Amino acid sequence: MSDGTIRVALVDDQQLVRAGFRMVIDSQADLEVVLEAGDGAQAVRALDPAARTVTGPVDVVLMDVRMPTMDGLTATAQITARSTDDAPAPRVIVLTTFDLDEYVLSAIRAGASGFLLKDAPPEEMLAAIRTVHRGDAVIAPSSTKRLLEHLVTALPPDEPGGPTDPARLAVADLTDREREVLVLMARGRSNTEIGADLFVAEATVKTHVGRILAKLRVRDRVQAVVVAYETGLVRPGS
């Protein structure tokens, strides 16, 4: 939209949860809920560009994991799979809790751009929507950083990954500076903070981030950070 409003879809099987989220989101001048769905299948249908359910694009989807008919992981994969250069799919934030660690990694692999604890304070939810919409620092909210570090403890410490493992080869192909930037990304640092840490301009950091995403063949920062953890470049608490 020309007015710069971020258009949000809510996908949750609990109507009261959706109503609460809508009230918080619609209270912001730059955010607007334009679509609600009670399960993943409804969301996939409603967000199909051919369906014309909503006038104009949806920018960000808040997606619950556990829902009837179709769960949030399957829906996320189907929605993000439609993305093209001419018609990019909305960015998806998966709503989860600590006891759903295994779902979070699956969601990231399915194409989610971020994840948020369901009981996060309203200001963190609003910040996450804006952050994911920007495509920058999507692991910055404290809840996401905590959850990612908690999640990694559930990952096998050393999965089979010798010289032929594509992810390890991609990480090995990073320059020393790109590796430094990726480690700082994994610690939840924004581009501005990384620039200050490394004494370089923010524009330089953005260039490094772009090259990292290209080399790792991932779509955003969250997926890059998951690769960093999976390959052992970063460990929880490091």
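Buried means under 20% relative accessible area, exposed means over 50%, and partly exposed is anything in between, with a 1.4 Å probe and protein chains only. Keep that handy for the tour. What you have open is a predicted model, where local features need pLDDT of at least 70, side-chain atom pairs count only at pLDDT 80 or more, and totals for chains, interfaces and linings use all residues. Residues are numbered from 1 along each chain as its sequence is written, and side-chain values use heavy atoms, with hydrogens and water left out.

**The whole chain**

Start with the cartoon view. The protein chain has 11 helices and five strands; these are DSSP runs numbered from the N terminus, with helices being H or I of at least four residues and strands being E of at least two. Of its 238 residues, 49% count as buried. Contact here means heavy atoms within 4.5 Å. Among the chain's contacts with a separation of 6 or more, 68% are between residues 24 or more positions apart.

**Stop 1: Asp64**

Select Asp64, which sits in strand E3. UniProt lists this residue, in an unreviewed entry, for "modified residue: 4-aspartylphosphate"; positions from UniProt follow the numbering used here, feature names are shortened, and annotations may be inferred rather than shown by experiment. Is Asp64 buried or exposed? It is buried, at 7% relative accessible area.

Now show what surrounds it. Leaving aside neighbours within four places in sequence, Asp64 is in contact with Val11, Asp12, Asp13, Gly72, Leu95 and Lys118. Pick Lys118 from that group: Asp64 forms a salt bridge with it, the closest N and O atoms being 3.4 Å apart. Asp64 is in strand E3 (residues 60–64) and Lys118 in the loop between strand E5 (114–117) and helix H5 (122–134), so this pair ties together parts that are 54 residues apart in sequence. A salt bridge is a side-chain nitrogen of Lys or Arg within 4 Å of a carboxyl oxygen of Asp or Glu. Lys118 counts as partly exposed, at 26% relative accessibility.

**Stop 2: more charged pairs**

Side chains of opposite charge can pair when their charged atoms come close. How many salt bridges does a search of the whole structure find? It finds nine.

Select Arg22 and Glu36, whose side chains meet in a salt bridge (2.6 Å, N to O). Arg22 is in helix H1 (residues 15–26) and Glu36 in strand E2 (residues 31–37), so the pair ties together parts 14 residues apart in sequence. Arg22 is partly exposed at 29% relative accessible area, and Glu36 is partly exposed at 29% too.

Next, select Arg177 and Glu180, where the closest N and O atoms of the salt bridge are 2.8 Å apart. These two are three residues apart in helix H8 (residues 176–186), which means about one helical turn separates them. Glu180 is partly exposed at 36%, and Arg177 is partly exposed at 30%. Elsewhere, salt bridges that share partners join Arg18, Arg22, Asp26 and Glu36 into one network.

**Stop 3: two pockets**

Switch to a surface view. A pocket, on a 1 Å grid over the protein atoms alone, is an open set of points where a 1.4 Å probe fits, with protein on both sides within 12 Å along at least five of seven lines; lining residues have an atom within 4 Å of a point.

The largest pocket holds about 460 Å³ of space, a volume being the space filled by probe spheres set on the grid points, which are joined across faces, edges and corners. To find it, select Leu47, Pro49, Pro57, Val58 and Pro90, which lie nearest its centre among its 20 lining residues.

The second largest pocket has about 210 Å³. Its lining includes Ile108, Pro166, Leu216 and Glu230. Helix H4 (101–110), helix H7 (166–172) and helix H11 (221–230) each supply at least two lining residues, and H11 gives the largest share, four residues.

**Last stop: two loop residues**

Most residues other than glycine have a negative phi. Select Thr69, in the loop between E3 and helix H3 (72–81): its phi is positive, near 70°, and the residue is exposed at 72% relative accessibility. Then go to Phe199, in the loop between helix H9 (191–198) and helix H10 (202–216). Its phi is also positive, near 60°, and Phe199 is exposed, at 78% relative accessible area.
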